[in-house]
Structure formats: C-alpha cells, structure tokens
Amino acid sequence: EGRRGVLTQASILTLTSNPTTTSPVKRGKWILESILGDPPPPAPPNVPSFEETQKGHEQLSLREQLAIHRENPSCASCHNIMDPLGLGFENFNTIGQWRDRDGKHPIDAGGKLADGREFNGAVELVELLDSRRSEIFRHFADKLLTFAIGRGLEPYDNCAIDEIMSQAEAEDFRMSAFIRAVVESDPFKKRRPG
C-alpha cells in the first residue's frame with residue numbers, strides 16, 4: 001500500500017479529516033503548520049467558506065469543488081499551497097484506510113507543489129517533502145524544546161536550537177539525539193522554577 005512515514009499513519013489522517021469526509025484543506029494546513037512550521041495566514045474576512053462553495057456542486061469531485069473555491073483570488077493564495085498537499089493523501093479515507101474511489105469519483109492524488117515540482121500520490125509527495133528535511137527537523141527541535149522548557153521560544157534561544165540541530169545531525173537525527181541535546185541545552189538546564 002502507498003504508505004511512507006508519519007504523514008500516512010492512520011492517526012494523522014484521522015486527525016486531519018472531518019468526521020464523515022476527508023479534508024485536503026485540513027491535511028494541507030496541518031502539514032504546513034505541524035511539519036514544516038510555515039502556517040498559512042488566517043482566511044481573509046468575508047470570504048465564502050469552502051462549505052458554501054460545495055453547496056450546489058455536490059455532483060463534482062472534491063478536487064473539482066476545491067478548484068472552484070480557488071477561483072476566488074483571495075482564497076487562491078493560500079489554497080494553491082494547502083490543497084495540493086492535502087490532495088496528495090486523498091487515497092486515504094477519514095480513518096486512514098486505502099481507497100481508490102470517493103463515492104462515484106475515482107481518486108486523483110496527484111498535484112503540483114508551489115515550487116512547480118509534481119507528484120502522483122502520497123509516497124511521491126512525502127519524497128518531495130523530504131527535500132525540506134532540515135526545515136522539518138528544525139521545526140521539530142523548536143517544538144521539542146518548547147515542550148521541554150514549558151514556554152515559547154525567544155530569539156535568544158536560536159543558539160540552543162542550532163546546537164540541538166548540530167548534535168542531532170551528528171547522530172543521524174535520531175530521536176534519542178534530539179532528546180539528549182534538549183536535556184543538555186542551556187534553556188533546559190537553566191530554566192527558572194515555575
């Protein structure tokens with residue numbers, strides 16, 4: 001089956017779905033926020049929701065409905081980035097099971113990233129995202145240190161993140177290397193009692 005990495009785990013696919021339907025928008029937004037650390041800006045006010053776009057277009061596939069929604073220029077700027085990421089995982093239903101059809105519509109899990117690189121399905125998309133590995137690991141280090149010290153990071157914490165990244169890279173970015181580097185970092189060792 002077409003699985004590779006955390007993005008194709010059922011728990012993540014379920015988390016980023018609606019109760020009864022998949023949500024390429026939620027999936028794409030989650031990847032931007034949680035994996036790449038590059039959240040999209042909030043939707044502009046007075047922009048029709050995707051649910052409003054869906055009304056009257058129920059006979060169309062989800063991909064076609066999203067394309068109609070992106071015709072609004074104020075929607076397109078973010079959705080052109082989010083939607084392809086989420087659509088790459090459309091072969092997985094709301095609980096992460098493989099599917100070839102969404103109702104009567106065949107699944108098209110291909111797309112093009114904002115930088116022009118094309119993919120066909122989740123495995124190829126994950127491989128393309130792997131080229132941003134340093135960003136992904138740095139965002140992970142940020143989140144791990146934030147959790148460990150119980151506060152948001154400040155600009156002066158960047159030196160600690162650089163050191164965490166250096167130590168983790170020396171050990172092939174193993175989880176144990178990240179944890180050890182966080183525990184040995186100044187922000188963790190010198191944190192003030194709560």
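Reader: Starting with Arg-133: what does its relative accessibility make it?
Author: Arg-133 counts as partly exposed, at 39% relative accessibility. Bear in mind that this is a predicted model.

Reader: Which residue does Arg-133 form a salt bridge with?
Author: Asp-130. The closest N and O atoms of the two are 3.1 Å apart. Asp-130 is partly exposed too, with a relative accessible area of 32%.

Reader: And what does Arg-138 meet in a salt bridge?
Author: The side chain of Asp-162, at 2.8 Å from N to O. Arg-138 sits in helix H7 (residues 133–149) and Asp-162 in helix H8 (residues 158–170), so this pair ties together parts that are 24 residues apart in sequence.

Reader: How accessible are those two?
Author: Asp-162 is partly exposed at 42% relative accessibility, and Arg-138 is partly exposed at 28%.

Reader: What about Asp-115, buried or exposed?
Author: Exposed, because its relative accessible area is 51% and the cut-off for exposed is over 50%. Asp-115 forms a salt bridge with Arg-117, with 2.8 Å between the closest N and O atoms. Arg-117 counts as partly exposed, at 27% relative accessibility.

Reader: How many salt bridges does the count come to?
Author: The count is 13 salt bridges.

Reader: Which residues are linked in a network?
Author: Glu-90, Arg-99 and Asp-102 are linked by salt bridges in a network.

Reader: Changing topic to pockets. How much space lies in the largest one?
Author: About 630 Å³. Its lining has 21 residues, and those nearest the centre are Val-6, Leu-7, Ile-35, Ile-136 and Phe-137.

Reader: Which elements give two or more residues to that lining?
Author: Helix H2 (24–35), helix H6 (122–129), H7 and helix H9 (175–184). H7 gives the most to the lining of the largest pocket, with seven residues.

Reader: What is the lining of the largest pocket like by class?
Author: There are 13 nonpolar, three polar and five charged residues in it.

Reader: And the second largest pocket, how much space is there?
Author: About 500 Å³ lies in the second largest pocket. It is lined by 26 residues, with Val-25, Phe-50, His-69, His-79 and Met-82 nearest its centre.

Reader: Which elements give two or more residues to that one?
Author: H2, helix H3 (50–54), helix H4 (62–69) and helix H5 (73–87). H5 gives the most to this lining, with five residues.

Definitions and conventions. Residues are numbered from 1 along each chain as its sequence is written. This is a predicted model: local features need pLDDT of at least 70, side-chain atom pairs count only at pLDDT 80 or more; totals for chains, interfaces and linings use all residues. Side-chain values use heavy atoms; hydrogens and water are left out. A salt bridge is a side-chain nitrogen of Lys or Arg within 4 Å of a carboxyl oxygen of Asp or Glu. Buried means under 20% relative accessible area, exposed over 50%, partly exposed in between (1.4 Å probe, protein chains only). Helices (H or I, at least four residues) and strands (E, at least two) are DSSP runs, numbered from the N terminus. On a 1 Å grid over the protein atoms alone, a cavity is a set of points where a 1.4 Å probe fits but cannot get out, and a pocket is an open set with protein on both sides within 12 Å along at least five of seven lines; lining residues have an atom within 4 Å of a point. Grid points are joined across faces, edges and corners, and a volume is the space filled by probe spheres set on the points. Ala, Val, Leu, Ile, Met, Phe, Trp, Tyr, Cys and Pro count as nonpolar, Asp, Glu, Lys and Arg as charged, and the others, Gly among them, as polar.
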